[in-house]
Amino acid sequence: MNDGFSFNCSYDSMTGLRDRSTFFHDVRYHADTNAKVHIIVIQLSQLVHVNRRYGIQVGDQLIREIAHYLRDLCKEYAAYRIANSRLVLMGKICTKEEADIFVRELHKRFHETWFISYKGEDLRILSEAGLLHLFLDPADTENDLLDKINYTFSMIPDQGEDRVIFFNDDINSDLQYKKYVLDEVRYAIENKTFQMYYQPIFDCEKRRFTSAESLIRLFGRDGSFISPGEFIPMAEINGLIDDISWIVLEKVCEFLGRCPDLLLDSVSINMTGKQILDPNFIKYIEEYLMKYKTNAGQLRIEITERIITEDFDRVKKVMEYLSEKGIYFYLDDFGTGYSNISSMLSLPFEVIKFDQSLVKNMNDSDKRLRTIGLLADIMHENDCVVVAEGVETELQAKTAQEKRLDRIQGYYFAKPMSESDLIQFLEEKQDFYWM
């Protein structure tokens with residue numbers, strides 16, 4: 001095929017389709033000539049299930065069958081295999097409407113069965129596929145195109161039964177924003193420009209704010225606020241969350257060391273499972289405490305139920321060692337269903353934080369109220385303090401106290417605030433009275 005499709009192309013050994021390097025060679029050619037090119041990326045989403053059920057050899061035969069179909073489908077398109085389960089059709093088209101029709105017909109085919117002959121047996125296999133439909137932007141680099149493909153396919157599970165995505169300006173804007181956020185996260189990690197905010201926690205018995213949870217905040221280099229709901233998932237997906245958590249540990253230790261007269265008994269930090277299980281975890285904590293002359297008794301560590309299930313014995317050893325040093329642990333997000341109460345109570349937790357999903361709906365029925373009270377009694381019998389998270393209304397706050405939840409955290413009492421605002425807030429609230 002001419003018109004920009006390689007004569008001297010290399011081929012995928014399994015399918016006989018043009019390979020990844022040839023695909024990007026053709027992409028560069030079309031981009032350089034500003035040609036209007038239509039690209040259909042086919043993600044064989046069910047291939048892993050086929051391999052698991054029938055074996056890899058059947059999966060390979062299925063790929064070959066699909067490749068044969070694509071190769072003979074339309075002479076106006078060149079067919080490529082660019083990854084194990086990812087195939088591509090690329091060609092010049094006349095109108096967007098024609099391309100849309102072609103993609104819909106292709107999508108329809110993947111809702112039908114494929115016939116595979118294997119060891120004398122005729123198999124009928126349904127192999128659904130996600131399809132991405134886009135036009136080549138001459139300004140795109142190879143990485144830009146890969147970003148579009150990878151990002152769009154990450155959206156497919158949210159598309160329901162219609163597994164065709166037409167790449168458009170809205171998707172592109174979303175992609176560009178996520179790339180901006182990731183770039184700002186990497187910059188903030190390298191330069192430690194994250195800011196720490198703190199949410200005070202009210203102690204119902206002592207009738208004052210006795211602790212606070214540290215929360216990380218990110219502001220872009222242009223001064224814009226980037227929500228944790230945006231940058232934390234990006235950090236997790238790209239393997240950066242542990243780097244951020246180590247920065248949190250250092251910044252909180254530095255703050256506590258700089259403010260030894262802070263009107264709080266303790267400040268908690270959230271740690272990941274990977275950090276807790278890191279052989280150097282305890283050493284890092286001790287080094288930061290020493291570096292900033294921080295009182296170990298003021299530091300608390302929050303972990304989730306999910307972390308406990310990763311390596312129960314290792315987590316228990318770390319918790320017992322640090323508890324002996326005066327650094328106690330909070331169980332965060334209790335009620336999200338990762339572990340059972342028995343295993344959780346065998347660990348030396350000082351505080352159990354009831355997840356806001358429990359607290360938010362506790363006034364919906366008498367059954368929910370009884371459950372909250374029963375859970376609180378169980379925790380108290382095991383010498384644990386109970387915190388109600390996500391309290392936003394007076395009714396929730398009063399109910400939490402009536403059900404013997406010891407501390408209250410949420411917007412009803414205080415929003416997360418900067419270090420300077422926290423210091424001022426605590427000074428102003430020394431004589432705070434509630435109920």
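Helices are runs of at least four residues assigned H or I by DSSP, and they are numbered from the N terminus. By this rule, I232 lies in helix 7. The model examined here is predicted.

I232 has a relative accessible area of 22%. Buried means under 20% and exposed means over 50%, so I232 is partly exposed. Beyond its neighbours within four places in sequence, I232 is in contact with I216 and I241.

Helix 7 spans residues 228–237 and packs against helix 6. Two packed helices are described by the angle between their axes and the distance between the axes. For helix 6 and helix 7, the angle is about 75 degrees and the axes are 9 Å apart. Angles of 65 to 115 degrees count as roughly perpendicular, so helix 6 is roughly perpendicular to helix 7. Helix 6 contributes Y177, K178, V181, L182 and V185 to the contact. Helix 7 contributes E230, F231, M234 and A235. Of the residues in this contact, 7 are nonpolar, none are polar and 2 are charged.

Helix 6 (residues 169–191) also packs against helix 5 (residues 142–155). Here the angle is about 105 degrees, and the axes are 10 Å apart. Helix 5 and helix 6 are therefore roughly perpendicular to each other. On helix 5, the contact is made by D144, D147, K148, Y151, T152 and M155. On helix 6, the residues are I171, N172, D174, L175, K178 and K179. This contact divides into 4 nonpolar, 2 polar and 6 charged residues. K178 of helix 6 takes part in the contact with helix 5 and in the contact with helix 7.

Helix 3 was checked for its length. It covers residues 56–73, which is 18 residues. At 1.5 Å a residue, helix 3 should span 26 Å. Its end C-alpha atoms are 25 Å apart, which agrees. The buried residues of helix 3 include V58, G59, L62 and I63. I66, A67 and L70 are buried as well.

Aromatic rings were considered next. The whole structure holds 17 aromatic pairs. One of them joins F110 and W114, with 5.5 Å from centre to centre and 55 degrees between the planes. That pair is tilted. F110 and W114 are both buried. In the pair of F202 and F209, the ring centres are 5.4 Å apart and the planes lie at 70 degrees, so the pair is edge-to-face. F202 is buried, as is F209. These two rings belong to a cluster in which ring pairs link F202, F209, Y412, F413 and F425.

Backbone angles were also examined. Most residues other than glycine have a negative phi. K192 has a positive phi, near 55 degrees. K192 sits in the loop between helix 6 and strand 8 (195–203). Its relative accessibility is 44%, so K192 counts as partly exposed. D333 also has a positive phi, near 60 degrees. D333 is found in strand 13, which runs over residues 328–334. With 23% relative accessibility, D333 counts as partly exposed.

How values were computed:
Residues are numbered from 1 along each chain as its sequence is written. This is a predicted model: local features need pLDDT of at least 70, side-chain atom pairs count only at pLDDT 80 or more; totals for chains, interfaces and linings use all residues. Side-chain values use heavy atoms; hydrogens and water are left out. Helices (H or I, at least four residues) and strands (E, at least two) are DSSP runs, numbered from the N terminus. The expected span of a helix is 1.5 Å times one less than its number of residues. Buried means under 20% relative accessible area, exposed over 50%, partly exposed in between (1.4 Å probe, protein chains only). Axes are lines fitted to C-alpha atoms, for helices over the stretch in contact, and angles run from 0 to 180 degrees between N-to-C directions. Angles under 35 degrees count as roughly parallel, over 145 as roughly antiparallel, 65 to 115 as roughly perpendicular and the rest as oblique. Contact means heavy atoms within 4.5 Å. Ala, Val, Leu, Ile, Met, Phe, Trp, Tyr, Cys and Pro count as nonpolar, Asp, Glu, Lys and Arg as charged, and the others, Gly among them, as polar. Rings of Phe, Tyr and Trp (its six-membered ring) pair if their centres lie within 6.5 Å; planes under 30 degrees apart count as stacked, over 60 as edge-to-face and the rest as tilted.
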